[in-house]
Amino acid sequence: AAAAPVIASSKVGELRQRGVGTCVIRPFRPTRLYLRKERLWSELRALERFAPDVVLLSAGSFYDPCYQPALAYFCARTPHPVVLLGHAHSEFFPLPDRTELTRLFARLAGMIFVAEGNRTIFRMQFGKDLTSTSVARNTPLVTPTLLPPPTSGTTHFLCPARLDCFLKGHDILLATLAAPAWRERDWHLHLCGAGPDRAQIERLVV
């Protein structure tokens, strides 16, 4: 039997130990040969053999299938309903081929957004709903009631997010807190996360 694939994520490894089936996509160069191989045979065919009732495709953005051909080919050929969950959408994202995107979205059984604003931007870009859409809002962990501002002591802010200024806005947050109105207040900002912009954020803090 072939050796089990090496899983870089410890969380995926834990799922495998609990009996969750996984398949790993292994792109290679030359890209043209990889794309031809994906048309003929893809690791995602394991899902077709599994024959799920519904496939929930959790993607960084709704454009992921355009940049990952294995996903696009899977959506095109699978007989099972596919629901695409996009964790990010923005008017600043470069728009891939609109015609190909329209075909892709039309084949989906549904699309799930994580914010109403993301769905609004999508509708603006495409002019209409191409398939059934819904919004899965994060359940608040604290009361939505506005807390009264503290009258004494240090105010502590926590920002748990990947250290990516373009997507998470750490630079905007720090610029806001650098304004004179905030410099006169007693506060402490805690940044929790890791990412490519750590060095840049450290420079902004200093």
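**Close-up views of a predicted model**

**View 1. A nonpolar patch on the surface.** Three residues, Phe92, Phe166 and Leu167, make up a nonpolar surface patch whose accessible area is about 360 Å² together. The structure shown is a predicted model.

**View 2. Phe92 and its loop.** Phe92, one of the residues of the nonpolar patch, is found in the loop that lies between strand E2 (82–86) and helix H6 (98–107). Is Phe92 buried or exposed? Phe92 counts as exposed because its relative accessibility is 59%, and exposed means over 50%.

**View 3. Strand E2 and its covered residues.** Strand E2 is mostly covered, with five of its five residues buried. Which residues point one way from E2, and which the other way? Val82, Leu84 and Gly86 point one way, whereas Val83 and Leu85 point the other way. The residues on both sides of E2 are all buried.

**View 4. Strand E2 beside strand E1.** Strand E1, which covers residues 55–59, pairs with E2 in the parallel sense, and five bridges connect the two. Within this pairing, Val83 in E2 has Leu56 opposite. Val83 is itself one of the buried residues of E2.

**View 5. Strand E2 beside strand E3, with the crossover.** E2 and strand E3 (residues 110–113) run parallel and are joined by four bridges. Here Ile112 in E3 has Leu85 opposite. Starting from E2, the chain passes through H6 and reaches E3, forming a right-handed β-α-β crossover. The loop between E2 and H6, which holds Phe92, therefore brings the views back to the residue that counts as exposed at 59% relative accessibility.

Methods. Residues numbered from 1 in each chain as written. Predicted model: local features only at pLDDT ≥ 70, side-chain atom pairs only at ≥ 80, totals over all residues. Heavy atoms only, no water. Patch = residues over 30% accessible without salt bridge, like charges linked within 9 Å, V, L, I, M, F, W, Y side chains within 5 Å. Areas by Shrake-Rupley, 256 points an atom, 1.4 Å probe, with all protein chains shown as cover. Salt bridge = Lys/Arg side-chain N within 4 Å of Asp/Glu carboxyl O. Buried < 20%, exposed > 50% of the residue type's maximum accessible area, 1.4 Å probe, protein only. Pairing = 2+ DSSP bridges. Right-handed = clockwise from strand over helix to strand, strands pointing away.
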